[in-house]
Amino acid sequence: MTDFDWKQLFNPEFYILLQIGGVKIGLYVVLFIVFAETGLLAGFFLPGDSLLFLCGIYSESLMKEFSTGNDFVNVTLLAAMVSLLGILGNMLGYWVGVKSGSYLFKKEDTFFFKKKYLFQSKEFFDKYGSKAIVFARFLPIIRTFAPVIAGIVEMDKKKFMFYNILGSVLWSFTMIFSGHYLYELFLTQFHIDLKHYIEIIVIAIILITTIPVLIKLLKKRK
């Protein structure tokens with residue numbers, strides 16, 4: 001067993017393959033992370049998008065305990081569970097927003113909470129309105145605070161739940177199915193095992209999902 005390196009905390013593969021006493025707990029850790037990204041306001045540093053893409057690649061391992069014997073059903077079940085936890089996380093984030101009101105805008109920064117991200121999320125929400133709940137799912141940091149903003153501005157509950165469910169389903173199914181079937185495609189057609197290029201995949205996904213946010217911030221500064 002190798003010594004623990006804190007850098008592993010930023011590696012999605014670490015969570016997926018995590019074991020305690022020989023027992024694989026990757027699936028439960030993944031579900032908790034998805035929930036924490038929005039529900040606990042501590043998810044902005046967690047590897048959300050790349051985590052789900054890798055879940056698709058490692059779906060067979062993650063679903064081994066709950067395997068139905070059908071590959072497609074297993075991947076669908078995995079995406080459904082992730083989607084459910086994403087919905088619940090957003091619901092908690094919305095509730096925090098409703099109860100906290102303007103308190104969060106006055107709260108001091110901590111390791112887990114950065115006020116600037118809250119303001120950025122509010123600008124994003126003001127620009128896209130209700131649809132921001134869906135769009136935010138695909139943007140790191142923004143997805144952590146978007147449901148909180150929705151609660152603060154007292155967005156209609158039914159409307160929030162509609163976009164919450166839609167966004168969670170689109171996000172989880174898109175990322176997980178993409179990872180699963182792209183892995184199969186590269187392996188069968190090109191004989192390339194994407195598991196050997198995890199670091200490159202993670203970096204690529206991070207760049208793809210964060211570049212739009214960075215461009216927006218740079219334009220604002222100019």
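**Exercise 1.** In this predicted model, work out which residues of α3 meet which residues of α10, and how the two helices are oriented.

*Solution.* Start with the contact list. On the α3 side you'll find Gly 48, Asp 49, Leu 52, Phe 53, Cys 55, Gly 56 and Ile 57. Across from them, α10 brings in Trp 171, Ser 172, Met 175, Ile 176, Ser 178, Gly 179, His 180, Leu 182 and Tyr 183. Sort that contact by class and you get nine nonpolar, six polar and one charged residues.

Now the geometry. Helix α3 covers residues 48-57 and helix α10 covers residues 157-189. Their axes come within 6 Å and cross at roughly 45 degrees. An angle between 35 and 65 degrees falls in the oblique class, so α3 and α10 are oblique to each other. As for the hand, α3 passes α10 in a right-handed crossing.

**Exercise 2.** Check the span of α2, then decide whether the helix is mostly covered or mostly open.

*Solution.* Next, burial: 11 of the 14 residues are buried, so α2 is mostly covered. Among the buried ones are Leu 27, Val 30, Ile 33, Val 34 and Glu 37. Just past the end of α2, Leu 41 has a positive phi of about 55 degrees.

**Exercise 3.** Where does Leu 88 sit, and how far is Leu 88 from Val 34?

*Solution.* Leu 88 belongs to helix α5, residues 71-100. Its relative accessible area is 37%, so call Leu 88 partly exposed. Leu 88 and Val 34 are 54 residues apart in sequence, yet their C-alpha atoms lie 9.5 Å apart in space.

Terms used: Residues are numbered from 1 along each chain as its sequence is written. This is a predicted model: local features need pLDDT of at least 70, side-chain atom pairs count only at pLDDT 80 or more; totals for chains, interfaces and linings use all residues. Side-chain values use heavy atoms; hydrogens and water are left out. Helices (H or I, at least four residues) and strands (E, at least two) are DSSP runs, numbered from the N terminus. The expected span of a helix is 1.5 Å times one less than its number of residues. Buried means under 20% relative accessible area, exposed over 50%, partly exposed in between (1.4 Å probe, protein chains only). Axes are lines fitted to C-alpha atoms, for helices over the stretch in contact, and angles run from 0 to 180 degrees between N-to-C directions. Angles under 35 degrees count as roughly parallel, over 145 as roughly antiparallel, 65 to 115 as roughly perpendicular and the rest as oblique. A crossing is left-handed if the near helix is turned anticlockwise from the far one by less than a right angle, and right-handed if clockwise. Contact means heavy atoms within 4.5 Å. Ala, Val, Leu, Ile, Met, Phe, Trp, Tyr, Cys and Pro count as nonpolar, Asp, Glu, Lys and Arg as charged, and the others, Gly among them, as polar.
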